[in-house]
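Here are my notes for anyone opening this one for the first time. Have a look at the entry below, then read on.

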Amino acid sequence: MVRFVLSRIGQTLAVLFTVSVIIFALMRMIPGDPVLMRLGDDFTQEAYDRLRGELGFDRSIVTQYFIWLGQVLRGDLGDSYLNHERVSRLVLEAFVPTLVLVLASVIVGILIAVPSGIVAAMRKDSLWDWGSMGFAIFVYSMPSFWKGIILIWIFSVYLGWFPAMGYVPPWTNLSQGLWRLVLPAVTLGTFFSGLVARIIRSSLLEVLDQDYVKAARARGVRRAALVYKHALANALIPVVTVIGLQFGALLGGAVLTETVFAIPGMGRLSVNAILNRDYSVVQGTILVGVFAVVVVNLVVDLAYAFLNPRIRVA
Amino acid sequence: MAQPLEADGRRFDPEEVGRPGPAATPAGTSRTSLGRWWRRFARNPGALFGLAVFVAIVAMAVLAPVLAPYDPIAQGVGQPMEGPSSAHWAGTDSFGRDIWSRIIYGSRVALIVGIVAVLLAMVIGVTLGLISGYYGGWIDVVIMRVMDGLFAFPIIILAIAMMAVMGFGVRNVIIAVAVGFIAPFARVTRGDVLAVKEEPYIEAARLAGVGSLAIIFQHVLPNVMAPIIVQGALRVSGAIITEAGLSFLGLGPPPPTPAWGRMIAEGQTFIVMAPHISTFPGIALMLAIVALNLLGDGLRDTLDPRMRR
């Protein structure tokens with residue numbers, strides 16, 4: 001187990017290193033002189049040379065990378081070109097609403113997926129099965145940003161049940177916060193539920209097909225009791241894997257969903273930064289986003305190994 | 001938003017999660033004639049539906065000037081924000097432009113980005129995968145570590161970063177989307193090359209003095225092509241969703257170019273008065289995605305024996 005954990009951590013560090021090189025290279029490909037951008041219009045040649053030296057732009061590209069990496073590792077992502085705030089602060093502030101949305105979506109997704117997966121598996125090939133699986137494919141194929149607009153139209157404009165947009169942190173005002181989170185979380189959560197429902201259905205079907213289950217059935221154990229007491233726990237383990245595999249997709253989906261519901265998260269921060277050519281903010285959002293994806297994948301892999309001892313050897 | 005992917009770059013199939021091994025059926029590739037392939041393909045109603053809708057969208061894109069009742073960027077061809085009518089089947093937007101004509105022309109952007117980006121990613125990814133798998137050694141390590149890094153980026157976030165670097169426009173959207181899809185192609189290709197290069201006929205060719213490049217392109221590539229084609233078909237919908245996402249965020253082709261994502265975004269402002277502005281381009285987008293997914297699944301089931309259910 002220790003070896004497995006260490007090797008997974010090693011792989012993660014290797015991926016993070018490559019990611020940092022890719023992001024550094026991308027940011028250096030941006031047209032324009034970063035020294036000039038900091039100086040503004042009015043400057044002398046000495047000032048230019050001094051700043052160029054201070055920023056390390058007169059050194060080799062490899063040295064520049066390590067200077068940059070050192071800053072990033074210390075949590076120094078630079079200042080916003082627009083309002084001179086620390087990028088690390090801006091990004092962390094924006095990351096919280098995005099993470100809240102992703103977590104809420106995972107919860108909503110599981111709340112929808114578990115019952116519909118169970119129903120579909122227990123009544124295989126019935127109208128229930130076809131209906132819930134058809135719904136799963138349908139909501140999964142709807143682009144999240146369009147789904148969000150349709151939900152606003154139905155539930156905010158037409159029925160008036162939920163606010164159309166805005167964000168209140170759930171820890172400052174729980175009821176308001178959760179109330180405003182319902183539509184965005186349903187938007188993104190249904191995407192996730194479509195996948196999870198299909199997994200639960202197929203893994204339940206597999207378990208229900210086992211000989212010991214058939215034998216128990218023959219002895220008169222009720223099917224529902226079998227599902228809830230034995231099969232379901234096993235069927236839920238793969239869901240952990242899906243959260244890991246899909247975290248990147250969920251984060252990407254959150255960026256778009258936020259835009260629909262005017263949630264001040266990573267999506268809005270990065271898009272505004274691009275439109276304003278505020279590249280250190282762009283870089284910060286991407287770094288933190290990819291870092292989160294890589295770390296979540298590590299955690300999920302380790303959790304999965306803990307839940308399912310069979311794969312620890314691999 | 002982006003299509004779900006498994007770590008090895010094949011499209012994520014929920015049915016496979018939690019099973020002991022990835023390949024339930026052993027690889028028994030037998031060449032079937034086109035006719036036999038078609039009969040198998042045609043047995044799948046979903047795939048046929050997907051093919052029909054896809055052909056319809058391609059026809060729409062090609063014949064756009066003939067099919068579109070109005071100029072897609074001409075303002076004031078109707079009253080602003082008119083609902084659907086016999087004159088304007090999908091209504092008009094806030095500039096009085098005909099939404100149906102814009103949907104028809106929007107299919108061009110969607111298809112061009114979807115197909116060209118995937119082809120570009122395929123050419124680069126497959127080349128890298130061939131080199132990586134065939135030569136092995138340090139070059140394999142370098143290429144695959146870079147692919148691991150690229151793979152860690154959520155597609156839309158990588159595309160956003162690329163748009164920031166390159167600026168807007170259809171060509172840059174294609175490049176941005178393509179970069180996001182290189183890694184899966186490289187991984188799938190490399191995996192298959194590793195298996196194929198151990199085959200006796202490759203050894204025979206090598207002993208006969210055939211050069212490496214000739215072996216790679218004449219003997220290895222044709223034998224790994226089927227899963228690559230399947231992968232390509234499955235990726236087109238992901239590329240179209242990513243393009244729509246970028247243009248929804250305002251990072252796609254600049255206005256007034258009709259792009260479905262931007263049309264959906266423009267309609268959001270008027271959702272109370274004129275919900276049709278967002279609804280119709282959204283339906284077009286969803287139909288295209290469903291059709292391509294069904295078509296890709298059908299191709300996978302008939303072309304790639306290992307992934308057949």
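Predicted model: local features only at pLDDT ≥ 70, side-chain atom pairs only at ≥ 80, totals over all residues.

1. For a sense of scale, the C-alpha trace of chain A spans about 90 × 55 × 30 Å along its principal axes. Chain A has 314 residues, and 38% of them count as buried.

2. Now for the meeting of the two chains: chain A puts in 48 residues and chain B 44 residues. On the chain A side, the elements giving two or more residues are H1 (2–28), H7 (144–158), H8 (174–208), H10 (223–261), H11 (266–275) and H12 (279–307). Which helix gives the most there? That would be H10(A), with 15 residues. By class, this side of chain A has 34 nonpolar, 13 polar and one charged residues.

3. The largest nonpolar core is worth a look too, with 160 residues. Those with the most contacts inside this core are A:Val196, B:Ala159 and B:Val177. Its largest share, 17 residues, comes from helix H4 of chain B, residues 99–135.

4. Finally, zoom in on B:Ala159, one of the residues with the most contacts inside that core. Setting aside neighbours within four places in sequence, B:Ala159 is in contact with B:Ala176, B:Val177, B:Gly180, B:Thr242 and B:Leu246. B:Val177, then, is a contact of B:Ala159 and is itself listed among those with the most contacts inside the core.

Notes
Residues numbered from 1 in each chain as written. Chains lettered and ligands numbered in written order. Buried ≥ 20, exposed ≤ 12 C-beta atoms within 10 Å, placed from the backbone. Contact = placed C-beta atoms within 7 Å. Helix = DSSP H or I, 4+ residues; strand = E, 2+ residues; numbered from the N terminus. Nonpolar A, V, L, I, M, F, W, Y, C, P; charged D, E, K, R; others polar. Core = buried A, V, L, I, M, F, W, Y, C linked by C-beta atoms within 7 Å.
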